[in-house]
Structures are given as C-alpha cells and as structure tokens.
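Subject: The two-chain model, and some notes on it

Hi there,

Here is the structure I promised to pass on. Have a look at it first, and then read on for my notes.

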Amino acid sequence: MDAMAAPPRRKMALPEIWEFLFYEAELLNEQKFEAWLTLFTPDCLYWMPAEDDQLDGESRISLYYDDRQIMEDRIYRLRHPKMYSQRPMARGVRLISNVVLEDGHPEDAPVVLSSFTMTEFRLNEQRTLGGRYEHHLVRQDSDWKIAKKIVRLVNCDGVLKNVGVPV
Amino acid sequence: MTTKLADTPVAAKRRRYVADPDDIGSLVQPDRVHGSVYTDPAIFELEMERVFGRAWVFLAHESQVAEPGDFFSTHLGRQPVIVCRDKEGAIRVFFNRCTHRGAIVCREAQGNTNRFQCPYHGWIFDTTGRLAGVPYRGAYSDEFLADEGLNLSEVPRVENYRGFIFGCLSDTGVGLVEHMGPLIEGIDGILERAPEGAISVPVGVHQYEFRGNWKMQIENGMDEYHPPFSHASSVKKGGHQMQRAYGSTDGYKVVRDSEDQEVGYAESYYDIAECHGADYGQAFLTIPDESRKVDLREESYKAKMIANLGEAGYEDMFERARMSNAVFYPNMILRSTGNVHIRTIQPVAVDHTIIRVWPIQIAGYADHMNKGVLKYSNIHVSVASFVQTDDIEIFERVQEGLQAQQPEWLMLARGLDREWEGQFPGELVGKASWETGIRKQFAYWKDLMTAPE
C-alpha cells in the first residue's frame, strides 16, 4: 500500500444538492416513508453492503439490496401493526456532512459522497450508526431523483442488532 | 373453618410440577419445561459443560478450509477454536489458545497460513498444531520443551460427514452418523440435488445477536406454529409471504388468507407438512407444498439432472425432496431446499446469543439461481430482513417475559401422545405445528444434563 497515495481533493456539492440530502434525511427522521419513496426513480436501488469495500450486491450478501418492489414491501411492513420488531418504532436523527462530488459525472447525474451519523432510540436503548452515503442522483422535471443510494456502515460486517428502519 | 391454600387443587397441581432444585432432570417434564432453563446462569454454565461439552457440535463447512493451510476461526460453545486444513490436507480443530500464556494465536476470521504465531511472546505453531518455534529458547531445557506437551490442544473428536465438520469435546459416546440419525438425509439430499455434487458457502455471512437464550433459535428452527403470527407483517394478499425466491412470483403461501382468520381454525395451514423428532435431540421439518421446490423445476437445472439421472431418476429425486429445515442439536440449522443456508448458533451468556447465516451456493446451479439464493437471504435472514428480525424481537420478548416467576413452566404439549412412529429408532412424527421436535430436544438435553461425569 502506498501510504502517500491520497484520495483526490473533491469539489463541494452545490447548496441545492445539500438541501436535497437534508430533505431526504428529514423525511426518514419524520418516518414519512411513503413520501421518501417518491424521491426515488422507478428502477432505483437502495443498497447497504454487508462487507467493507464491497463491490456489488449480486455476488455477495447485503444487509439491504432493495429494488423498488422490495422498498414498497418494506414500507408496507413498517406500517403493519404487527411488525413486532418495530413496535414501538425506532426514532432516529441523521446528521450529514462532508458532502462532495465524485469526479467524472455529468452535472445532471452527479454522484454525491457524504458522511453521516444516525442516533437511534428504541426501547430505552440508544445507539449510533455511522458511515458514508453515496447518492447517485438524476435530474428529472427540474428536481432531483435518487437512482441509487448506497449506505456503507462502518460496522457493516460486525455482529449487529436489527437495522429495521432505512438509514 | 378456613381453606388452606395448600389444600386447593391448583396448589396440589402446581406442587406436582415444582422442580427439585437438586434435580436438573425435574426441570423437564413430558409436556413442559421450567422457565429457569432459559434464565438461570448456573444452568447455562452446566450446559456449556454437559450439552456443548458432550454433544457433536457443528463447526464449519469443508469449503471454508478447502486448501492446505486454510483456516477458519469459530467457537465450540464459548470456546474459541480454529478449524485448519494442515499441509498434508487433514482437517484439524485446535483450541485458539497459546500454550504459553493463553492469548489467542489467530485473530482473523479465515485465511491461509503456514503457521500461527502468538503476538505476545512470539511462540510459533505449524498447521498441525506442533510447537515449531520458541524465541530465546535457551532459558528452557530441551527436555522441558519436548516433554511438556506444548503443541496446540486439539478437540478430541472431529468428524467430517460429506463436508459438514463437527467436533465433540468428549472422547466417548456415539459417532457423528449415529448422532445425526435421520438428519443425514438433509446433507445427502442437498448433495444429491446439486448437479455437480458439491456445495459451498462463499458469498458472505449474515451475523446478528440477541438478548436471549441460545435454545430459542434452535427450537424456532422447527417451530411452524409461530409463522402466521410472528410474521403476520410479511404476509400479503392470499396468504403469501412477500419474500421472493427464485421462480416464486408470489412468495411462499403461509396462511389460508390472513392471520386474523387463522385463529379460528383448529389446524395450521402448515399442518400439511410434518415435524419429525429423533434421538439425540435431532429434528426436521418437511416442506408443505411443491411451491417450495420450484427451483428444482427450473429448465437448465432439470436438463442437467435428467442428463445425470435419466427422466425417471429425476422425477424420483423430485418426489423424495422433502426436508426443509434439518435442525442439528445443539447448534446448527441446515435449510436444505429453496433458500438453502447453514445457520449456526453461538451461546455467549444465558441471555446473549450470536447467530450466523451462510447462504449456500450449489455447484451446477444456473448463475441466476445461485444469485437468487443469496439475494433471498438478504430479505429472509439479514438484520434488515422481513422474517428473522421479528424472530429476534420475539426471542427478546420471551427472555423478558421469563423474568416473571409465574407461571413457572413453559408449555410444550402441542400434539403430545398423538404422534406416530418414523423410520428411525426413536423417531416420532407429528404435524408441522406440533412441538414434537422441541420435546425431543429437551429429552436429549435432560439426558446430557443429568448423566454422571
């Protein structure tokens, strides 16, 4: 490993993109899952790898590897009165920072890299999940849509407890 | 005249079942077990000695140590062990503990090496466990190093049944095949159905923990009473589960229509299938209908198997494929059809357990079928899944409920004395929602826990 090989210094994302990420996080914070889903494209992917530096969810297992149908099923379950693992439902707050753009993508289809922490509380227990987000956005009808959201938890390959609410 | 509480029929009945604190066996009755078997730390300690210390315990699949020098770190009960294929190709299981001052000599989950070096004082062990190097050895006599027996300690008995590696801490008792009894069909079956006769677990592992006793997961492995209720939120219209396996567009059918209606029926939808229990606590479920075998009808698969077995041989194989979960007491569940996987149970404390699930990939399956298995595992058994998350929640609720001291007993009476005999000595067969398998597990538990030293 070349210890001097540093990652590129990336450009900060425009305020408009920050606002979009904050809005997405707020919909999850407020448990507005149906509204959250409308931010995604019809052929979207919500992916939470189960391994550090995992390259794909086709040849390795994942914690989430949701197409739109699975996302809809997931929300159906979150609303179901007998989804016992989320009764009561966990409350969470997501904090996003370090929002930069990956090089080499067109302006109307940026790949946005960020860091996050989520403080979550359920049944008298608080925990913190943290990691990196990767949002693949596309411009649609003068607004942004999420084509792909990747959530890389720092402890993705650890022995975990339920992660029932999307991060 | 006053009625003494002790004279009431209720008290008399309760007295009949009061466990004798000096008699572990009294905690297990034919139709019930005492709550303390899940909550008492002293019983957990004894289980580590007498259940995990006496039974055959699953350790690894051979594909995890395929090449000479490959190793895989795991636990036998609470004890850290290394499963290692030595340079000559033999599989060995060492205790992961330096014979000098006790540090683990292997920190990695798996890999390949030609030696294990202790990080504390640099002692080196080769892949046969032999002490191969001691730094500054002049402070010891050669006789001391030769005579003291300072090689890595090995698990006394290790057996490999067609790639499934088990260890036993006791050097006496039955062999692995006798211990498994009818469950060899689970292993034989999945290999028979593999077009190239081999399986492996190369796509990663789902890992999670819960605050509950280890037995809850091994019991849940053949509990078909709970799905309509614990998993009500994953059932959609028509009673189909929303999980999607390869070739199943609707998901498996699990209830007639909806869970609310199920309460009014005398029998579970699952009761078209069976729960088998056998000696040594072994148990398995059969699959309820052919929707669980759609993968065996996939065209490229069918063509390969007909080439291997002929048309009649293929149909015979399809008919005989019947085992869903094979539950290897005390610590492994093999899902041998459909969403195939190996699930292991690691007891940590009386109220703390770690589960690991390894999706299986089948040699000769079409690529999209193997991918279907691993993707299915994400929504079936990950920490964000539609099924196992609710099981974990229920296990924790049971552990919490058992803090209540009354009633003292958990009821295991479903289908008691209605079972019929199976083909193995001691094998009983009941309907899928009956507690036949759990009763067999506790019968073995009682044998192990009460047998003299």
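D53(A) has 8 C-beta neighbours inside 10 Å, and because a residue with 12 or fewer is classed as exposed, D53(A) counts as exposed. Please keep in mind throughout that this is a predicted model.

You will find D53(A) in the loop between β1 (40-49) and β2 (62-66) of chain A. D141(A) also has a positive phi without being a glycine, in this case near 50°. The place to look for D141(A) is the loop between β5 (125-140) and β6 (143-153) of chain A. D141(A) counts as exposed too, with 6 C-beta neighbours inside 10 Å. As background, most residues other than glycine have a negative phi, and most peptide bonds are trans.

On the subject of peptide bonds, two are worth a click. In chain A, the bond from R87(A) to P88(A) is cis, with omega near 0°. P88(A) sits in the loop between α3 (68-79) and β3 (91-101) of chain A. In chain B, the bond from Y329(B) to P330(B) is cis as well, with omega near 10°. P330(B) belongs to the loop between β19 (323-328) and β20 (332-335) of chain B.

Now to chain B as a whole. Chain B contains 13 helices and 26 strands. Its radius of gyration is 24 Å, close to the 22 Å that the globule rule gives for 453 residues, so chain B is as compact as a globular protein of that length. Along the principal axes, its C-alpha atoms fill a box of roughly 80 × 75 × 40 Å. Of the 453 residues in chain B, 47% are buried. If you look at contacts in chain B between residues at least 6 apart in sequence, 62% of them join residues at least 24 apart.

Chain B is divided into domain 1 (57-160) and domain 2 (175-450). The C-alpha centres of these two domains lie 34 Å apart. Where they meet, nine residues of domain 1 are in contact with 14 residues of domain 2. Strand β3 (residues 57-61) of chain B makes the largest contribution to the domain 1 side, with three residues. By class, that side has two nonpolar, five polar and two charged residues.

What about the largest nonpolar core? It has 137 residues, and those with the most contacts inside it are V57(B), L59(B), V83(B), V327(B) and F328(B). Helix α13 (residues 436-450) of chain B gives the most to this core, with six residues. Domain 1 and domain 2 of chain B both give residues to the core, so it lies between them. V83(B) is a handy place to start exploring: beyond its neighbours within four places in sequence, its contacts include L59(B), V65(B), F71(B), F72(B), I91(B), V93(B) and I165(B).

Which residues form the contact between the two chains? It takes 28 residues from chain B and 25 residues from chain A. On the chain B side, β14 (206-210), β22 (352-359), α11 (367-381) and α12 (388-401) each supply at least two residues. Helix α11(B) gives the most to that side, with six residues. By class, the chain B side has 13 nonpolar, ten polar and five charged residues.

With 24 C-beta neighbours inside 10 Å, T353(B) counts as buried. Leaving out residues up to four places away in sequence, T353(B) touches, among others, E209(B), F210(B), W214(B), Q217(B), I345(B) and P347(B). T353(B) and A432(B) are 79 residues apart in sequence and 26 Å apart in space, C-alpha to C-alpha.

Lastly, a word on confidence. Chain B averages a pLDDT of 93, and 93% of its residues score at least 70. For the complex, the predictor gives an ipTM of 0.95 and a pTM of 0.94.

Methods:
Residues numbered from 1 in each chain as written. Chains lettered and ligands numbered in written order. Predicted model: local features only at pLDDT ≥ 70, side-chain atom pairs only at ≥ 80, totals over all residues. Contact = placed C-beta atoms within 7 Å. Helix = DSSP H or I, 4+ residues; strand = E, 2+ residues; numbered from the N terminus. Nonpolar A, V, L, I, M, F, W, Y, C, P; charged D, E, K, R; others polar. Core = buried A, V, L, I, M, F, W, Y, C linked by C-beta atoms within 7 Å. Buried ≥ 20, exposed ≤ 12 C-beta atoms within 10 Å, placed from the backbone. Domains from an automatic or database assignment. Rg over C-alpha atoms; globule rule 2.2 N^0.38 Å. pLDDT = per-residue confidence, 0-100.
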